[in-house]
Amino acid sequence: MGKLSETVLSKKIVADAKPRDKRYVIWDADLPGFGMRVSVAGLKTYFVRYRANGGGRSAPKGYMTIGRANIITLDQAKKKARALLAQVLLGDDPAAERNAKRLALNMSELVDLYEAEGCYIQRGKRQGEPMKELTKRYTMARLRHHVVPLLGRHRASEILPGHIENFVRDVAAGKSASDKKLGPRRRVIVRGGEGAARKVFRDLSAVFSFAQRRGIVGNNPCEHAAVRKTDNQNNRYLTKEEIGRLGAACDTLEAQGANRKGIDIARLWALTGCRRQEIAELKWSEIDFERGLLILEDTKTGKSIRPLGAAAMALLKSIDQNPNSEFVFPADYGQGHFQGMKGIWKKIIETADLPGVTPHTLRHTLASLAISSGEAMALTGAILGHANPRSTAIYAHVDHDPSRKAADRVSNMMAKALAGSTK
């Protein structure tokens with residue numbers, strides 16, 4: 001681990017610390033043993049290092065993480081560090097005591113610890129980076145709704161592959177399903193099923209990988225469990241006739257007074273092939289009207305540039321900009337983006353008689369429409385913003401002009417289908 005010369009840690013030094021090609025530490029000259037670790041991804045973590053049993057070169061080193069700099073302040077971290085170092089002077093070993101407690105953690109407590117310290121993406125292109133807030137919310141909801149009820153009281157260090165196999169079967173069978181009313185207008189409905197089981201299995205594997213790195217468990221039992229580790233491939237896409245029904249449903253609901261924001265979000269899902277949140281959270285600053293591009297700063301795969309077809313551009317230009325919001329679809333009340341899509345989408349698919357169709361189905365549909373009409377795989381990948389390593393090399397340097405023209409052709413076909421044309 002790289003090391004800087006000691007300096008007095010200040011708010012400015014913390015804020016100005018930049019990531020490097022290797023992890024490094026800034027030690028505080030005012031409080032020996034207290035420092036801030038900066039990861040390659042730019043994560044800043046306060047911690048203390050000490051020698052147990054009264055100190056001395058032969059004494060074992062102890063490390064205690066205090067917290068991330070984006071969660072606690074420097075003053076709070078220093079206060080905690082002083083308290084921990086005072087314990088050491090009195091002969092205690094805080095790290096050893098913490099580790100002993102962690103070895104006795106049950107699964108419910110491990111889930112709490114994972115949320116506080118380990119909730120980071122462990123696989124794929126964004127390995128090691130903090131989870132996006134929405135991803136973290138969904139992940140923790142699955143862990144709390146399925147893992148805690150079924151495995152919560154089991155000691156984490158005693159979970160075996162057989163326990164994992166039984167757990168996955170139970171989630172698939174709906175044994176963790178529930179329907180709880182939490183307030184006048186809040187209700188949480190938890191459903192099991194094969195899809196839920198596969199997703200929470202991956203979440204649970206990440207929890208055990210975190211626990212293994214922290215020395216809480218000896219191995220990850222999910223790695224040895226006889227469980228199918230991939231989702232069924234979803235090949236559902238809409239025919240042109242079904243697209244026409246979807247478009248007619250949007251028109252009908254709009255005429256009946258449905259929220260225009262929700263209807264336009266659904267139309268843009270179809271016309272762009274963007275992921276659900278990429279449109280719901282779209283900002284005016286991310287639209288390049290001059291070049292016909294979406295320049296999305298923070299997507300599932302990082303920064304992404306998407307070509308826009310003429311039909312999508314025309315729809316976006318028809319939307320009145322709210323001067324008090326950065327979002328294309330601002331919330332009806334308060335700050336943030338529009339949150340009412342769940343109810344509107346349900347009405348759309350009911351009106352169109354398209355049970356089981358999801359917003360992601362429209363992404364599949366646009367891709368299918370593009371490829372079946374002869375568009376190159378590289379241009380289709382550019383439209384969708386794919387980040388599959390096997391295809392990234394193909395379209396990473398695609399010029400935006402031909403990809404925008406491809407988006408224009410495909411979105412025009414989608415617009416005609418939405419209008420009811422099957423030609």
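Colleague: Why is His337 called buried?

Modeller: In this predicted model, His337 has a relative accessible area of 12%. Buried means under 20%, exposed over 50% and partly exposed in between, with a 1.4 Å probe and protein chains only, so His337 counts as buried. Residues are numbered from 1 along each chain as its sequence is written, and side-chain values use heavy atoms, leaving out hydrogens and water. Local features need pLDDT of at least 70 and side-chain atom pairs count only at pLDDT 80 or more, while totals for chains, interfaces and linings use all residues.

Colleague: Where is His337 placed, and which residues does His337 touch, not counting residues up to four places away in sequence?

Modeller: His337 sits in the loop between helix 11 (310-317) and helix 12. Helices (H or I, at least four residues) and strands (E, at least two) are DSSP runs numbered from the N terminus. Beyond four places in sequence, His337 touches Gln277, Ala280, Glu281, Phe327, Phe329, Pro330 and Ala331, where contact means heavy atoms within 4.5 Å.

Colleague: Is Asp353 buried or exposed?

Modeller: The relative accessible area of Asp353 is 54%, so Asp353 is exposed. Asp353 lies in the loop between helix 12 (341-351) and helix 13. Its phi is near 55 degrees, a positive value in a residue other than glycine. Most residues other than glycine have a negative phi.

Colleague: What makes Pro307 a buried residue?

Modeller: Pro307 has a relative accessible area of 6%, and is therefore buried. Pro307 belongs to strand 10 (residues 302-307). The C-alpha atoms of Pro307 and Gly292 are separated by 6.2 Å, although these residues are 15 residues apart along the chain.

Colleague: Why are helix 5 and helix 7 described as roughly perpendicular?

Modeller: The axes of helix 5 (residues 133-151) and helix 7 (residues 194-213) cross at roughly 90 degrees and come within 10 Å. Angles of 65 to 115 degrees count as roughly perpendicular, under 35 as roughly parallel, over 145 as roughly antiparallel and the rest as oblique, so helix 5 and helix 7 are roughly perpendicular to each other. The axes are lines fitted to C-alpha atoms, for helices over the stretch in contact, with angles from 0 to 180 degrees between N-to-C directions. Among the residues in this contact are Arg142 and His146 of helix 5 and Lys199 and Asp203 of helix 7. The residues of the contact divide into seven nonpolar, two polar and three charged.

Colleague: How is helix 9 oriented to helix 13?

Modeller: The axes of helix 9 (residues 260-272) and helix 13 (residues 359-372) cross at roughly 30 degrees and come within 7 Å. Helix 9 is therefore roughly parallel to helix 13. Here Ala266, Trp269, Ala270, Leu271 and Thr272 of helix 9 meet Pro359, Leu362 and Leu366 of helix 13. Seven of the contact residues are nonpolar, one is polar and none is charged. Ala, Val, Leu, Ile, Met, Phe, Trp, Tyr, Cys and Pro count as nonpolar, Asp, Glu, Lys and Arg as charged, and the others, Gly among them, as polar.

Colleague: In which helix is confidence lowest, and in which highest?

Modeller: Helix 15 (residues 389-395) has the lowest confidence, at a mean of 36, and helix 6 (residues 161-172) the highest, at 94. These are values of pLDDT, the predictor's confidence in each residue, from 0 to 100. Over residues 389-399 pLDDT stays under 50. Where pLDDT is low, the predicted coordinates should not be read in detail.
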